[in-house]
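Here is a short report for a reader new to this structure. Look at the sequence and the model first, then read on.

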Amino acid sequence: MLTDLKVKAGPQFYRYHIGAIDFVPDVLQEFSAKNVLIVHGQISFEKAKPFLTFLNQTDYNFHFLQYTGECSYYGAERIAKVVNDNQIDFIVGVGGGKLADLVGYAAHTLNVNFGVIPTLASNCAPWTPLSVMYKESGESEGKSEHFLRQAAFFITDPELVVDAPVNYFVAGLADTIAKWYESDAILQQEHLINEPFLQLAGYTSELCKDAILNNSAKAIQDMQAGNATEEFIHLSEIVFAVAGLVGGLGDKYARNAIAHAMHDGMSKYIPKSHDFLHGEKVAYGIFYQLAVEKKWDQIDALLPFYQELNLPMSLKQMKLFPADETVIDQIVTFVDSKEKVHLLPIPITVDLLKESIFELEKYINQE
């Protein structure tokens, strides 16, 4: 029996369909909200405004704050000032993953309820009660903030989400298949295999992987045409909701491992990696984890999918391979420091982590 499993299933209320955003006032009423802060981006907020008809209601006092584009401690302080100055009793985040992370972390520190209206499907940030922290420069802080507070609601409309940039959705698909590749070996260990919530996490991660590998091409084509088809709706829902459920059910055993640790290491020690989206770096991280595990057959099986979606497979392909080997040493030392990495059923060492970077480059680039 596990004594360290924290199940945080997800937002208290979820709706994703055409017209769903019209139900936001129902949740605000449930929480007796009166002074509501809307935290938003710039371009995405302009696209979202026609869907946010509840902003015309006079039952609430709405305040607005445009975030800086990063989930940072500074950004949380800006939110705190508006909340304290205006006696805000509810925060609504309208935007992408970093904004959802920022709103969740700020609400946690302020003891205020919050909800999210995602405008794109690029990761599971709107679902999960954790925030990946960055500096205002875009450099990763190298850590995440975990909290127990769940979003009061996650509500959005596929006709809003389908209007987002396609590359964000593609990155979200890569971030989501990582759920299975990072967690499967961990969950198959004898001391974990019969844990009910971990079994659910495993089933859910496999559902994510199979749906994405089978249906991505059609969903991407539909998104490029601006059509919120059933394929697009289901896959976008898997990216920002069902994928979050994997970590919510499985906690540290099914949230992430080497692929995400490599993402964090790249973001911290390779400044040029900021040009790539979260899911793109995680895509490389999946190949890196498989290289560490010596699962070259799984890399081979994924190659057609990566090529079809134009996902990065190596640091050299991304033009990010460090000229200074000490940068690689910093990254692998960082990866090795993460507890989640050592949940894998293989002996992880700094030497193994380092040699696997070079082995993957040689394998992918046929050096």
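**Helix α3**

The model is a predicted one. Start with helix α3, which covers residues 73-86. How far apart are its end C-alpha atoms? They are 20 Å apart. That agrees with expectation, because 14 residues at 1.5 Å a residue should span 20 Å.

Which residues of α3 are buried? They are Gly-75, Ala-76, Ile-79, Ala-80, Val-82 and Val-83. These residues cover an arc of only 165 degrees around the axis, so they sit on the same side of α3. The face turned away from that buried side carries Glu-77, Lys-81, Asn-84 and Asp-85, which are exposed.

What covers the buried residues of α3? The cover includes strands β2 (35-40), β3 (61-66) and β4 (90-95), and also helix α4 (97-110). After α3 comes Gln-87. The phi of Gln-87 is positive, near 50 degrees.

**The strands**

Now take β4, one of the elements over α3. β4 is mostly covered, with six of its six residues buried. Both of its faces are covered. Phe-90, Val-92 and Val-94 are buried on one side. Ile-91, Gly-93 and Gly-95 are buried on the other.

| Strand pair | Sense | Bridges |
|---|---|---|
| β2 and β3 | parallel | six bridges |
| β2 and β4 | parallel | five bridges |
| β4 and β5 | parallel | six bridges |

Strand β5 covers residues 113-118. Leu-37 has Ile-91 as its bridge partner in β4. In β3, the partner of Leu-37 is His-63. Phe-90 of β4 is bridged to Asn-113 in β5.

β2, helix α2 (residues 43-48) and β3 form a right-handed β-α-β unit. β4, α4 and β5 form a right-handed β-α-β unit as well.

**Nonpolar cores**

In soluble globular proteins, nonpolar side chains tend to be buried together. How many residues does the largest nonpolar core hold in this model? It has 105 residues. Those that touch the most other members are Ile-91, Phe-169, Ile-286, Tyr-288 and Tyr-306. Helix α6 (residues 166-187) gives the most to this core, with 11 residues.

Tyr-288 deserves a look of its own. Which residues is Tyr-288 in contact with, leaving aside its neighbours within four places in sequence? They are Ile-258, Met-262, Val-332, Leu-353, Lys-354, Ser-356, Ile-357 and Leu-360.

**Leu-207**

Where is Leu-207 placed? Leu-207 is in helix α7 (residues 196-224). Leu-207 has a relative accessible area of 46%. Buried would mean under 20%, and exposed over 50%. Leu-207 therefore counts as partly exposed.

Leaving aside neighbours within four places in sequence, Leu-207 is in contact with Ile-238 and Val-242. Gly-97 is 110 residues away from Leu-207 along the chain. The C-alpha atoms of Leu-207 and Gly-97 are separated by 22 Å.

Definitions and conventions:
Residues numbered from 1 in each chain as written. Predicted model: local features only at pLDDT ≥ 70, side-chain atom pairs only at ≥ 80, totals over all residues. Heavy atoms only, no water. Helix = DSSP H or I, 4+ residues; strand = E, 2+ residues; numbered from the N terminus. Expected span 1.5 Å × (residues − 1). Buried < 20%, exposed > 50% of the residue type's maximum accessible area, 1.4 Å probe, protein only. Arc of directions from axis to C-beta. Contact = heavy atoms within 4.5 Å. Pairing = 2+ DSSP bridges. Right-handed = clockwise from strand over helix to strand, strands pointing away. Core = buried A, V, L, I, M, F, W, Y, C linked by side-chain atoms within 4.5 Å.
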